[in-house]
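Student: Could you walk me through this one slowly? I would like to start with how its strands pair up.
Tutor: Gladly; here it is, and we can begin with the word "pair" itself.

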Amino acid sequence: MESMGKMKTSWDLYIEEALPKLESRNMFTPLRPMNISIAGQGEGSRTKFDEDEYETFDGIQPWDRLAAQIELPETFFRRLLNGVELVSKYELEENENICSNQEMQYKKLILFAGNDFLGLSRHPTIAKATAKAAMEQGTGPRGSPLICGYTNYHMALESSLAKLKKKEACLLCTSGFGANMAVMVAIGSIVPVMCEAEGRRPTKEEKVAVFSDALNHASIVDGLKLADRLGGVELFVYKHCDMSHLDALLTNCKNKRKVVVTDSLFSMDGDIAPMGELAQLRKKHGFLWVLDDAHGTFVWGKNGGGLAEEFNCEYDVDISIGTLSKAASSLGGFVTCSKIWKQWIQSRGRSFIFSTIAPVPLAAASYASVVVAKKESWRRREIRNRMKELHALTGIPVRSQIVCVMIGDMMQAIKANHELLESGFYCVAVGPPAVAPNTARLRLTLTAVHTSEDIRRLVAIISKYVQFQVSSSSDCSNHISPRL
C-alpha cells in the first residue's frame with residue numbers, strides 16, 4: 001500500500017473502465033492546447049518558462065510591507081466604528097464620493113484579515129511577469145479551456161503545480177470553489193455513467209460512499225449536494241477531525257468504493273486535519289483521499305507543497321485541490337491528480353466545463369507566484385516566527401497562520417474590534433449565527449510581512465478583553481500539528 005500514490009490505484013483502473021463509456025456516448029471532452037505567438041516576433045514564436053529567469057529575494061524588502069497595509073475612506077472607517085454596515089442606499093453614494101472626491105481622507109491600517117499569507121501581492125517579479133504577458137498577449141480571456149482558451153501559459157502553470165504537489169497532472173479552474181465543485185460532481189457521476197451504459201439504475205451498494213468532515217468548506221458541501229442529486233453517491237458526515245468516528249463509519253459501510261474528503265486547514269478555527277491518522281486510515285480502508293489544501297498550499301511544507309508535504313503524506317493523497325487566490329496572491333483554483341482522473345474531471349466537472357479560463361496575464365502571474373513562493377522559503381519561516389511570538393505572548397494554541405482568539409460575548413468582541421480599528425489594525429469579529437452562541441471571536445491571519453512589533457501591539461490591545469494564560473515556554477511546536 002505504501003506505493004499507492006506512485007502507481008495506478010484501483011480507483012484509476014475504475015476510471016479507465018468508465019472513460020470508454022463516455023467516449024461511446026460522445027461525452028468525453030479533451031483539452032485543446034494552443035500556442036500564442038509573441039507580438040512583434042513573428043509566427044511560431046514561443047514564450048519560454050524558465051524558473052531561473054524569475055528574480056527572487058532573501059528577506060523582507062520595502063515593497064513587501066505594503067502587502068500588509070490598507071487604506072479605508074475615513075467616512076467608511078467611521079461607519080465601522082459606529083457599527084453601521086454599508087447597505088444599498090448608502091453604498092452608491094459612498095462609491096460616488098470615493099470616485100469623485102480625490103481629496104477624500106483615508107485611514108491607514110495594518111491588515112490582519114486577508115489571505116495574502118506570503119505577502120506576494122506587491123512582489124515586483126510577479127508584477128513584471130503579469131505586465132510582460134499583457135503587453136505581448138493582451139488581457140482578455142480567449143474562451144473555455146475545452147474550446148480555445150487552453151494556452152501554453154496555462155499548460156506551464158499546470159505543470160508547475162503538478163510538480164509542486166507530486167502529482168501526474170493538474171487541471172486549472174476559474175476558482176477554488178469551482179475546483180471543489182468540479183471534483184465532487186465528477187465523483188458523483190461515475191456510477192451513473194457506468195449503470196446508464198447498461199440501461200439500469202445503481203443499487204445502494206454500488207454507489208460511491210463519500211465521507212465528509214462536518215466543518216468542510218461550503219464549496220465541498222455544495223458540490224456534494226449536486227453529486228447526491230446525480231444518484232451515484234451515499235453521503236456520510238463525520239464529526240470534525242474525529243478519526244474514531246470516521247473509522248467506525250468506514251468499517252460499517254458496505255459500499256465497495258469509498259471517498260474521504262476534508263479540508264487540510266479549516267479556515268474559521270485555524271486547526272489542521274489529522275493528516276497522519278488519515279493516511280493510516282487510507283491504508284486500512286483503501287479509500288480515495290481528496291484533500292482541499294486551499295489554506296495550506298505555498299504556506300506549509302519545505303517547498304510550499306502544502307500540508308501533505310508538511311506531514312510527509314503527499315503520495316497518500318489521491319486528489320489535492322487548491323486555490324491561487326490566497327498565498328499565491330492571484331486568482332483561480334486547481335486540481336492535482338493522476339492523468340486518468342484529470343480526463344474524467346475535465347469531462348464531468350460541470351463548473352470546469354462551463355467556465356471561461358483565466359486570462360493569459362493572470363496565468364503568467366500565477367506561474368511567477370509558484371516560482372517565487374517555492375524559492376523564497378524565508379516567507380514560510382517568517383509566518384512560523386509570528387505564530388511562535390503570538391503563542392509566547394498569549395499562551396493560546398496557535399496551530400496555523402489562521403488564529404481565532406475566543407472572547408465569548410459578542411459585544412465584547414465588537415468593542416475589541418473597534419479598539420483595534422482605532423489603533424490601526426484591521427481584523428474581523430465573528431459571532432452568531434456564523435459561530436455558536438457565546439463563542440464570539442476575533443479571527444486573525446498572520447503573514448510573512450507582519451513584524452514582531454505588529455504582534456506585540458496587537459496582543460497589548462486584545463489582552464484588555466481576554467485573560468491570557470501565558471506559559472513560561474515560548475515554544476509552540478506542540479500546537480503546530482494536526483488536532484487529533
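Tutor: Two strands are said to pair if DSSP finds at least two bridges between them. Keep in mind that this is a predicted model. In it, strand E7 (residues 288-292) is joined to E8 by three bridges, and the two run parallel.

Student: And how many bridges join E8 to strand E9, and which way do they run, parallel or antiparallel?
Tutor: Four bridges join E8 to strand E9, which covers residues 333-337, and these two strands run antiparallel.

Student: Which residues stand opposite Ser320 in those strands?
Tutor: Leu291 stands opposite Ser320 of E8, while in E9 the bridge partner of Ser320 is Thr336.

Student: Is E8 itself buried or exposed?
Tutor: Five of the five residues of strand E8, which spans residues 319-323, are buried, so the strand is largely enclosed by the rest of the structure. Ile319, Ile321 and Thr323 point one way from E8, whereas Ser320 and Gly322 point the other way, and all of them are buried. In a regular strand the side chains alternate between the two faces of the sheet.

Student: OK, changing topic: what does the largest nonpolar core look like?
Tutor: The largest nonpolar core has 80 residues, and those with the most contacts inside it are Leu161, Leu246, Met275, Trp289, Phe298, Leu442 and Ile462. Helix H13 gives the most to this core, with seven residues. Apart from this core lies another, of 43 residues, which has Leu146, Ile190, Val259 and Phe352 among its members.

Student: What is Trp289 in contact with?
Tutor: Leaving aside neighbours within four places in sequence, the contacts of Trp289 include Val260, Met275, Leu278, Arg282, Cys313 and Ile319.

Student: Now helices. How many residues does H4 have, and how far does it reach?
Tutor: Helix H4, residues 124-137, has 14 residues and reaches 20 Å from its first C-alpha to its last, which is close to the 20 Å expected at 1.5 Å a residue. After H4 comes Gly138, whose phi is positive, near 85°.

Student: Which residues of H4 are buried, and where do they fall around the axis?
Tutor: The buried residues of H4 are Thr125, Ile126, Ala129, Ala133, Glu136 and Gln137. Seen down the axis of H4, these buried residues fall within an arc of 105°, so they line one face of the helix. An α-helix has 3.6 residues a turn, so residues three or four places apart point the same way.

Student: What covers that side, and what is on the face turned away?
Tutor: The cover over the buried residues of H4 includes helix H5 (152-164) and helix H13 (360-375), and the face turned away from the buried side carries the exposed residues Lys128 and Met135.

Student: What about Phe236, where is that?
Tutor: Phe236 is found in strand E5, residues 233-238, and at 25% relative accessibility it counts as partly exposed.

Terms used: Residues numbered from 1 in each chain as written. Predicted model: local features only at pLDDT ≥ 70, side-chain atom pairs only at ≥ 80, totals over all residues. Heavy atoms only, no water. Expected span 1.5 Å × (residues − 1). Buried < 20%, exposed > 50% of the residue type's maximum accessible area, 1.4 Å probe, protein only. Arc of directions from axis to C-beta. Contact = heavy atoms within 4.5 Å. Core = buried A, V, L, I, M, F, W, Y, C linked by side-chain atoms within 4.5 Å.
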